[in-house]
Protein chains: 2
Amino acid sequence: MHPNRALIGVPGGRADLATPALVLDLAAFEHNLAAMAAAARASGLALRPHAKTHKCQAIAARQLAAGAIGLCVAKTGEAEALASTPGLRSLLVTSPVIGASALARLAGVAARLPELLVAVDSDAGARALSTAATRAGVRIGAVVDIDPGIHRTGVAGPAAAAALARTVANLPGLWFAGLQCYAGHAQHIEDFATRAEIARMALADMAAAADMLRDEGLPPPMLTGGGTGTFAQEAGFGVLTELQAGSYVFMDVEYDAVALEAGSAGPFRAALFVDARVISANTADFVTVDAGYKSFATDGPKPRVVAGAPADSEFAFMGDEHGAIFAALPLGGLVRLQAPHCDPTVNLHDVIHVLDGDTLVDIWPVEARGRSA
Amino acid sequence: MHPNRALIGVPGGRADLATPALVLDLAAFEHNLAAMAAAARASGLALRPHAKTHKCQAIAARQLAAGAIGLCVAKTGEAEALASTPGLRSLLVTSPVIGASALARLAGVAARLPELLVAVDSDAGARALSTAATRAGVRIGAVVDIDPGIHRTGVAGPAAAAALARTVANLPGLWFAGLQCYAGHAQHIEDFATRAEIARMALADMAAAADMLRDEGLPPPMLTGGGTGTFAQEAGFGVLTELQAGSYVFMDVEYDAVALEAGSAGPFRAALFVDARVISANTADFVTVDAGYKSFATDGPKPRVVAGAPADSEFAFMGDEHGAIFAALPLGGLVRLQAPHCDPTVNLHDVIHVLDGDTLVDIWPVEARGRSA
């Protein structure tokens, strides 16, 4: 049993948390859920949130209850861990899956769900997926992934996309489920207009491929893409039929630097934090807290101090297990730090502590944590 | 059951691994185990390896079987997860533990082991530890932590160390178990002589504190410290009675840059890797593999390609789930990458795949993964 479980429902129980603790501000999270559901409805797009962000069935179930038509995941292991999410009918694996054992596991997930969709970006990959599906006696929807210009995954340009769509439409065990184009490189560009232009260019290839396929009688059932940093622009381009945004549920220090709407910070609030505790206070300039490289993502900006210390107190990493807060704080004091980059921060933690103010109201397992394979 | 478990014992089974997979080269690991055991014996020092590196009972048990007198851990959660390691008699928590709930859990660990030792660096912390021990009816060895100049944890200077030693010697439920000084700031200094000088200065305070305590009839039973980067120097200073080195079992890209002995790379070999798979190969300059920020530590150097691609092929992160290898490789090909910084890389993975050449011989759970609280 998690050591903090005994604190659920205890008023002010936050003070006694075993730390470091990954915490979710329930009010901010519920606000973000509702804000994205409303934005998708207003734009006439379906919402299929990316669960690579949270890896958590409790959050996924709430997204579905708020109107999401399904979920995205990045990896086979995430698909396995989240397939039993209550209310889930359609799951999209957004990266190509290569390798016989992984494909056999994917086919196993397909057997558990009304609809499994998988990104493909090569003939060889599509044929291997077809083989795995037919062996398992399932049908998998193949989504042709279009390279938005990052060259991470995807085929290059509309003609290659249309050709691969024709291939998958004719392979046993597969059906052609649509096109995907995710402008990952645009998400964190701080300038609104530049970000919009890069996202628009990426979607132009998708629109052209869709036109080609419609002309030849193979219309793509869906056009999927978009992220928290670009959905507001992309919704206006008239290309996508559904949005894959994920980070909006949490936000993070990285996304806070991005203007999500022209001239505004967008409708979302910071909801994901790590509560850390002062465990040493023997020096003049800073105190030491019990959270370091093993509690925060280190690929992006630094964690930001948001409570428990004077405004603008700086955090600095002090190794794997520790950090410094440049402030005079008492031994045992709690400091709240906003997650720097939400996805890889969540991936460090087994559970999410759900807090209503200073009261712990629930502990949600992160079922797909570490399921990168 | 882990998806790779079916491959155990299958000759050449590595080719079918679900990837990314954290892998241990068994021969290199066993070499490192024996080399450090021999180095400690040759220097007349006891070895108490730091288990924050591996968080894994199977590795800890092998260290104990090779002659280690006990283990170090950094956190209460690690102590709980590793207390049942076969052969473990003495466990040292090397950072101060603050907070009533964590201290109560520590006292619970003390009840499960012949000897639990805990670092203290404040009067208030020592008194709270005493209270938790007496409440639980256990005795805990308090180890006075001396600041080596990092100001992360520890008391400043020999007089403060001796004073805190006298305090803990008189507190109920505690006994004075010795002094700790870990020169964490010296471990990765590339120049041998500079590193030796910084380690020597840090240990001078510890030697002075030990002399003061011997003079007043409170001799420290042990003087603990040292890391993989400094043990060869520190063993020669005649201060420490035991070494806390941990990273030597794995080594990593970071430690490979450090001359561990004067004029040599030291006795250890790279043993910890991530095997990743090419999942997209549609572009001219590089291929995409299935490992990114969620599979490698990002606080230090980059992962280093060691097999499956031409020598000196570069790796670049391509986001949370992906990386680029700048080489022409076939779809589905396996690439082996050396872990950049071992401790936080292990902390991302639930299991360690033990490989003898291309045969998977075992899968070891990382019991203390994520146990930062």
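## A two-chain predicted model, piece by piece

P20(A) sits in the segment before strand 1 (21-25) of chain A. Keep in mind that this is a predicted model. The peptide bond leading from T19(A) into P20(A) is cis, with omega near -5°. Chain B has its own entry here: P20(B) is placed in the segment before strand 1 (21-25) of chain B, and the bond from T19(B) to P20(B) is cis with omega near 0°.

Another backbone detail turns up at D312(A), where phi is near 70°, a positive value in a residue other than glycine. Most residues other than glycine have a negative phi, and most peptide bonds are trans. D312(A) belongs to the loop between strand 12 (304-307) and strand 13 (315-317) of chain A. It counts as exposed because D312(A) has 9 C-beta neighbours inside 10 Å, and the cut-off for exposed is 12 or fewer. In chain B, D312(B) has phi near 70° and lies in the loop between strand 12 and strand 13 (315-317). With 9 C-beta neighbours inside 10 Å, D312(B) is exposed too.

Here are those backbone spots side by side.

| Site | Feature | Value |
|---|---|---|
| T19(A) to P20(A) | cis peptide bond, omega | near -5° |
| T19(B) to P20(B) | cis peptide bond, omega | near 0° |
| D312(A) | positive phi | near 70° |
| D312(B) | positive phi | near 70° |

Now for the sheets. Chain B has an open sheet of 8 strands, ordered 2-9-8-7-6-5-4-3 and paired in parallel. At its edges are strand 2 (46-47) and strand 3 (71-73) of chain B, each pairing on one side only. Inside that order, strand 4 (residues 90-93) and strand 5 (residues 115-120) of chain B run parallel and are joined by 4 bridges. L91(B) stands opposite L116(B) of strand 5. Helix 7 (residues 192-215) of chain B lies across strand 7 (174-181) and strand 8 (223-225), at about 150° to strand 7.

Strand 15 (residues 334-338) of chain B is largely enclosed by the rest of the structure, because 5 of its 5 residues are buried. Both of its faces are covered, with L334(B), R336(B) and Q338(B) buried on one side and V335(B) and L337(B) on the other. Strand 10 (residues 272-280) of chain B runs antiparallel to strand 15, with 5 bridges between them, and A276(B) stands opposite V335(B). Strand 12 (residues 304-307) of chain B is also antiparallel to strand 15, joined by 3 bridges; there, A307(B) has R336(B) as its bridge partner.

Setting aside neighbours within four places in sequence, the contacts of A142(B) include V118(B), V120(B), L129(B) and F176(B).

Finally, the two chains together. Chain B goes onto chain A with an RMSD of 0.0 Å, through a turn of 180° and a shift of 0.0 Å along the axis. The copies are therefore related as by a two-fold rotation axis. In chain B, T298(B) has the C-alpha nearest that axis, 2.8 Å away. Both copies use the same surface, as 100% of the contact residues of chain B recur in chain A.

Between the chains, 58 residues of chain B are in contact with 58 residues of chain A. Elements giving two or more residues to the chain B side are helix 4 (100-110), helix 5 (123-136), strand 10 and helix 10 (342-346). Helix 4 of chain B gives the most, with 4 residues. That side divides into 21 nonpolar, 23 polar and 14 charged residues.

How values were computed
Residues numbered from 1 in each chain as written. Chains lettered and ligands numbered in written order. Predicted model: local features only at pLDDT ≥ 70, side-chain atom pairs only at ≥ 80, totals over all residues. Contact = placed C-beta atoms within 7 Å. Pairing = 2+ DSSP bridges. Axes fitted to C-alpha atoms, helices over the stretch in contact; angles between N-to-C directions. Buried ≥ 20, exposed ≤ 12 C-beta atoms within 10 Å, placed from the backbone. Least-squares fit on C-alpha atoms with pLDDT ≥ 70 in both. Nonpolar A, V, L, I, M, F, W, Y, C, P; charged D, E, K, R; others polar.
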